[in-house]
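Dear colleague,

I am passing on a structure that you have not worked with before, and below it you will find an account of what turned up when it was examined. Please read the text with the structure open beside it.

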Amino acid sequence: MKQSSILFFCLLFLISCFESGKDLQKKQEEKQTWILTTLYWQRNFGNCIKTDTNANSRTCSRRPLGVCNHNQLIVTQAEVNLNFAEANALLSRTPDCQESIIQSGILTLSATSNASSENLKSRYLFQVTESCEGSGFVPSANVRLANFSEIQWLESARGKIAKAANAITANGFLPQANRDKANNCLRLEYIDWEKDLAKENVENKVLLEIALP
């Protein structure tokens, strides 16, 4: 009888430990989820005011807290290599994009030197604001600021080439053959929302950033 009681209490103790272990694991998972959610919210909060101390000018964009810093002005060698690779892949698929790639500036892109990085850091200041509009940066009628996802696309190799193709297509001073190739580049390589976004950016209907009036 005594031995049975001891076994019973041992079993209860093991069950209790098992349940406590599950509860502890659940609390740790909940804590980790809360931390990740908080970090995600912080990183994606607000808009970004950039101040050029040389020109005494300020601009605002939809870039959130997580990227509202000097890194947005600095180009790394990895970014240069990625731009080159994406442009080369696009050209292989669609040869009519050649002039658009040249006009996009990708081929002359270079990594920011250490000296230039230091100059940029001393010249520009960054400040997070809840919204550009709340800080006085209000777009005019029929104009809007690009959201962060749109900014990322417009500043990618694909976005730069699409903007260049739109600019070539709209330039009536260029030969028709050049404009036709740029139009083919857009038609064959890009889907509708990409063409529309690039076109609206070229026409200044969708802005990467807005200056304070």
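This is a predicted model: local features need pLDDT of at least 70, side-chain atom pairs count only at pLDDT 80 or more; totals for chains, interfaces and linings use all residues.

The largest share of the lining of the largest pocket comes from α2, which supplies four residues. The volume of the largest pocket is about 770 Å³, and its lining is made up, by class, of 11 nonpolar, eight polar and eight charged residues.

In soluble globular proteins, nonpolar side chains tend to be buried together. The largest nonpolar core of this model has 21 residues, and the ones that touch the most other members are Leu90, Ile101, Trp153, Ile161, Ala162 and Tyr190. Two or more residues of this core come from each of α2 (77–93), α5 (148–154), α6 (157–170), α7 (176–189) and α8 (192–202), and the largest share, five residues, is that of α6.

The remaining findings concern the disulfides, of which a search of the whole structure finds three. When the bonded cysteines are counted along the chain, the disulfides follow the pattern 1-3, 2-5, 4-6, and I describe them below in turn.

Cys48 and Cys68 form a disulfide in which the sulfur atoms are 2.1 Å apart, and this link is right-handed, with 80 degrees about the S-S bond. Because Cys48 lies in strand β1 (residues 47–52) and Cys68 in the loop between β2 (57–61) and α2, the pair ties together parts that are 20 residues apart in sequence. Cys48 counts as buried at 1% relative accessibility, and Cys68 also counts as buried, at 10% relative accessibility.

Cys60 and Cys132 form a disulfide with their sulfur atoms 2.1 Å apart, and here the link is left-handed, with -85 degrees about the S-S bond. This pair links distant parts of the chain, since Cys60 is in strand β2 and Cys132 is in the loop between β3 (124–129) and β4 (144–145), 72 residues apart. Cys60 is buried, with a relative accessible area of 0%, and Cys132 is likewise buried, with a relative accessible area of 0%.

Cys97 and Cys185 form a disulfide with their sulfur atoms 2.0 Å apart, and the torsion about the S-S bond is about 100 degrees, so this disulfide is right-handed. Here too distant parts of the chain are linked, with Cys97 in the loop between α2 and α3 (98–104) and Cys185 in helix α7, 88 residues apart.

With kind regards

Notes: Residues are numbered from 1 along each chain as its sequence is written. Side-chain values use heavy atoms; hydrogens and water are left out. A nonpolar core is a set of buried Ala, Val, Leu, Ile, Met, Phe, Trp, Tyr and Cys residues joined through side-chain atoms within 4.5 Å. Buried means under 20% relative accessible area, exposed over 50%, partly exposed in between (1.4 Å probe, protein chains only). On a 1 Å grid over the protein atoms alone, a cavity is a set of points where a 1.4 Å probe fits but cannot get out, and a pocket is an open set with protein on both sides within 12 Å along at least five of seven lines; lining residues have an atom within 4 Å of a point. Grid points are joined across faces, edges and corners, and a volume is the space filled by probe spheres set on the points. Ala, Val, Leu, Ile, Met, Phe, Trp, Tyr, Cys and Pro count as nonpolar, Asp, Glu, Lys and Arg as charged, and the others, Gly among them, as polar. A disulfide is a pair of cysteine sulfur atoms within 2.5 Å.
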